[in-house]
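Here are my notes on this model, point by point. Please read them with the structure open.

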Amino acid sequence: MASSQKKIPARMLIISLAIIVCFSFLACLFNTGMFTVNVSRIYFDTANGQLSGLLYMPKDASKDAPKPTVIVTHGYLNSAEMQDANAIELSRRGYVVLALDMYDHGHSDISDEAYGGSTSFFSLWSPFWINSMYDAVQYMYDQPYVLKDAAGNGIIGITGHSMGGFSSTVAVAKDEADFAQTGVRKVYANLTEGSDFSYSAFVGVTAEAFDAAGGGRTLGKVAAQFDEFFFNDPAEKGGTVRKKDYVSTPDGLTFLQQTEAQANTWYDTADGGKRIIYEPYQTHPWNHFSKTTTANAIAFYTAAFADYQNGIKDISPDDQIWQMKEASECVALVGFVLFLLAIARTLIALPFFSKAKTGELPVQEGANGAKRWIGVLILIIAILLPAILFETLYGWDISSTGLNIVFWAAAALAVIGCAWGVARFAQKKEKGYLIGGIFALLSGGALAVLAKMNLYADAGVWTAPVVNDIAKWTVGCTFISLLIMSLVYLFLKAQDGVRLADYGVTFKPAAILAGLCTAVVTVGAAYALLYLIDLIFKTDFRIWTFAFKTFGKNITPAILRYLPTFLAYYIVSSAAICINTNTKRLQGVKGYLVAMALNAGGIAIWLIRQYVTLFSTGVAAHPSAALSGIVLVAMVPTLAIAACVSRFLYKRTGNIWAAAFTNGLLMTIMTVANTTVFFK
């Protein structure tokens with residue numbers, strides 16, 4: 001039996017590696033258009049810093065056979081890989097494609113000089129998108145494999161999603177301004193996805209200015225009917241998460257140069273160009289994960305480059321393979337999680353790392369009768385609270401009604417819990433009551449104090465804006481969970497003799513240190529494997545907006561700054577999972593499902609309600625929750641995976657430490673690596 005048990009981690013490790021290698025190879029196969037395209041990560045210096053991207057080069061492209069070229073880029077908080085669908089489908093048809101990381105995203109970095117010394121919010125926030133696309137155009141125009149016409153004009157298309165669309169819009173205006181001086185246009189066509197003129201207008205590129213800068217180009221927009229941010233009718237008030245019809249708005253009609261227009265219809269313009277607005281039945285982030293929108297992009301560039309089809313393959317827009325790449329990476333993602341668990345399980349069998357184990361954690365009987373149903377009710381409340389309070393905690397406006405309610409509730413419960421614990425200790429002389437009362441006082445008091453503080457306000461320290469908002473929600477959830485656990489312990493569990501050990505909490509220094517070392521080596525090995533896969537296959541582990549991806553060393557300081565916030569959350573959540581799933585009723589798969597529900601169930605319900613309401617009524621349940629709602633999409637798998645890691649490791653170590661440290665490191669790195677970090 002012992003020999004068989006020792007073989008399990010080895011088998012798990014071999015299986016996970018086999019999954020990762022096989023499906024990363026398949027992802028590479030589809031990413032390269034069945035090996036008809038060479039994909040490489042490139043870096044190039046610009047006037048504003050250094051840009052990076054994935055270059056998709058058809059094997060028949062060369063200086064002797066230059067090709068029409070398309071530069072595609074992502075939106076705010078994302079990276080080049082979010083344009084996989086366009087990059088794969090356009091390159092396999094024969095176009096050269098550069099999938100670009102904008103400045104301060106992915107592997108790209110902006111220079112100090114690009115900010116111009118200003119400290120205003122707009123000046124700090126805008127240079128990355130204002131300059132990214134046109135700087136990439138300048139670079140690609142100079143490459144010998146990029147097609148030019150007889151007059152030296154570039155046959156280059158530019159496509160950006162969301163903020164990348166603003167960057168593309170500004171690039172057209174800059175290119176037209178340069179044309180007035182040089183007589184050469186480098187940008188031939190422009191298709192934006194999920195962006196209007198609301199932000200480019202800040203730098204003077206309004207719908208009218210863009211129309212005037214058309215220069216006879218082929219121009220298009222993908223304006224999703226349920227885009228959370230853009231394409232709004234000026235007459236509509238009360239939030240932007242609602243149904244849209246961009247072609248009927250003043251800006252849409254100006255763009256098409258029409259007084260009346262229809263979606264998905266080409267229109268000729270006075271300057272000799274062509275324009276179109278596509279209106280797919282989808283949301284903002286759905287744009288870059290959509291067969292429909294990808295087909296729109298293929299059809300658009302087929303029309304735009306109609307005079308330059310030599311060497312371009314005639315493949316139907318509906319013939320797409322990018323989904324297979326995404327599916328392969330998703331399976332590889334499963335393998336990655338299994339690899340992580342296998343490494344941790346292998347480590348804790350080794351001499352030093354075995355100190356992370358504190359003995360088998362006894363399985364609890366679980367409550368019966370009325371106490372059981374009270375426990376179920378509390379569990380449901382605990383699952384729903386992160387969703388109910390999501391907008392309050394994510395926004396963290398200390399003047400808001402919601403945060404004031406949190407303040408008074410936390411303060412009151414802290415006093416009640418402490419008083420009850422002290423009174424019961426005086427009566428029963430059991431120190432568990434005193435410990436519970438202290439935890440209630442500390443967690444409730446801390447939450448009340450934090451509710452009056454502007455968290456993560458120093459942009460010089462907290463350099464990832466959206467991570468700051470996630471961190472606020474995380475801080476709130478951490479102390480709310482700790483307060484609930486303290487009160488449940490005081491009123492329901494202390495009388496049954498439940499100990500801290502039953503929460504997986506032990507304060508043995510050797511166990512904590514070994515748990516930390518297990519986490520560091522485990523996450524280090526996992527990311528080493530990720531970088532190796534990226535080096536060999538140019539793929540990573542992802543599904544839609546959720547990804548474990550490579551990153552540059554320049555974000556390491558930000559990772560270290562945010563680590564304590566997320567580590568605190570995973571310490572508390574691991575304890576909650578331990579006490580709530582380590583019962584006889586919740587062994588096996590049921591325990592993992594309850595663990596995932598505890599971590600991710602509330603926000604999954606929030607998302608379902610938000611988008612079912614949006615699609616059924618035309619207005620979302622929370623019409624002002626645009627970016628915050630989109631951010632939650634990736635948090636569901638994040639928290640679900642973390643729940644599985646917590647349960648798997650506490651079952652094998654008898655405590656929370658290896659699990660909490662592993663989740664804290666892994667999810668902090670993943671979160672920061674996937675978003676915008678302002679290095680300067």
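1. The side chain of Glu228 makes a polar contact with the side chain of Tyr611, at 2.6 Å. This is a predicted model, so the distance is a computed one. Glu228 sits in the loop between strand 8 (218-222) and helix 7 (250-256).

2. What is the nearest side chain of opposite charge to Glu228? It is Lys244, 7.3 Å away. Glu228 is buried yet has no salt bridge. Beyond its neighbours within four places in sequence, Glu228 is in contact with Thr240, Val241, Lys244, Thr283, His284, Pro285, Tyr611, Ala626 and Ile630.

3. Salt bridges next. The structure holds 18 of them. One joins the side chains of Glu81 and Arg41, at 3.6 Å from N to O. That pair links distant parts of the chain: Arg41 is in strand 1 (residues 37-46), Glu81 in the loop between strand 3 (69-73) and helix 2, and 40 residues separate them. Both Glu81 and Arg41 are buried.

4. Asp319 and Arg92 also meet in a salt bridge through their side chains (3.7 Å, N to O). Asp319 lies in the loop between helix 8 (291-304) and helix 9 (322-347), and Arg92 lies in helix 2, so the pair ties together parts 227 residues apart in sequence. Asp319 is partly exposed, with a relative accessible area of 36%. Arg92 counts as buried, at 12% relative accessibility.

5. A further salt bridge is formed by the side chains of Glu176 and Arg217, at 2.8 Å from N to O. Here too distant parts of the chain are linked: Glu176 is in helix 5 (residues 163-182), and Arg217 is in the loop between helix 6 (207-212) and strand 8, 41 residues apart. Glu176 is buried, with a relative accessible area of 15%. Arg217 is buried, with a relative accessible area of 3%. Elsewhere, salt bridges that share partners join Glu89, Arg92, Arg93 and Asp319 into one network.

6. On the nonpolar side, the largest core has 170 residues. Those with the most contacts inside it are Ile71, Leu98, Ile158, Tyr527, Phe541 and Phe548. Tyr527 touches Phe548, Lys549, Phe551, Leu666, Ile669 and Met670, leaving out residues up to four places away in sequence. Another core, of 31 residues, lies apart from the largest one; Ala189, Ile298, Phe300 and Trp322 are among its members.

7. Aromatic pairs number 40 across the whole structure. In one, the rings of Tyr301 and Phe305 have centres 5.5 Å apart and planes at 25°, so the pair is stacked. Tyr301 counts as buried at 1% relative accessibility. Phe305 is buried as well, with a relative accessible area of 0%. Ring pairs also link Trp129, Phe166, Tyr199, Phe202, Phe229, Phe230, Phe231 and Tyr246 into a cluster.

8. Last, Phe407 is in helix 12 (residues 401-428). Leaving aside residues up to four places away in sequence, Phe407 touches Ala448, Ala451 and Lys452. Phe407 and Ile8 are 399 residues apart in sequence, and 49 Å apart in space from C-alpha to C-alpha.

Technical notes
Residues numbered from 1 in each chain as written. Predicted model: local features only at pLDDT ≥ 70, side-chain atom pairs only at ≥ 80, totals over all residues. Heavy atoms only, no water. Core = buried A, V, L, I, M, F, W, Y, C linked by side-chain atoms within 4.5 Å. Buried < 20%, exposed > 50% of the residue type's maximum accessible area, 1.4 Å probe, protein only. Contact = heavy atoms within 4.5 Å. Helix = DSSP H or I, 4+ residues; strand = E, 2+ residues; numbered from the N terminus. Lys, Arg positive; Asp, Glu negative; His and termini not counted. Salt bridge = Lys/Arg side-chain N within 4 Å of Asp/Glu carboxyl O. Polar contact = N/O pair within 3.5 Å; in protein donor to acceptor, adjacent residues only side chain to side chain. Phe/Tyr/Trp six-rings, centres within 6.5 Å; stacked < 30°, edge-to-face > 60°.
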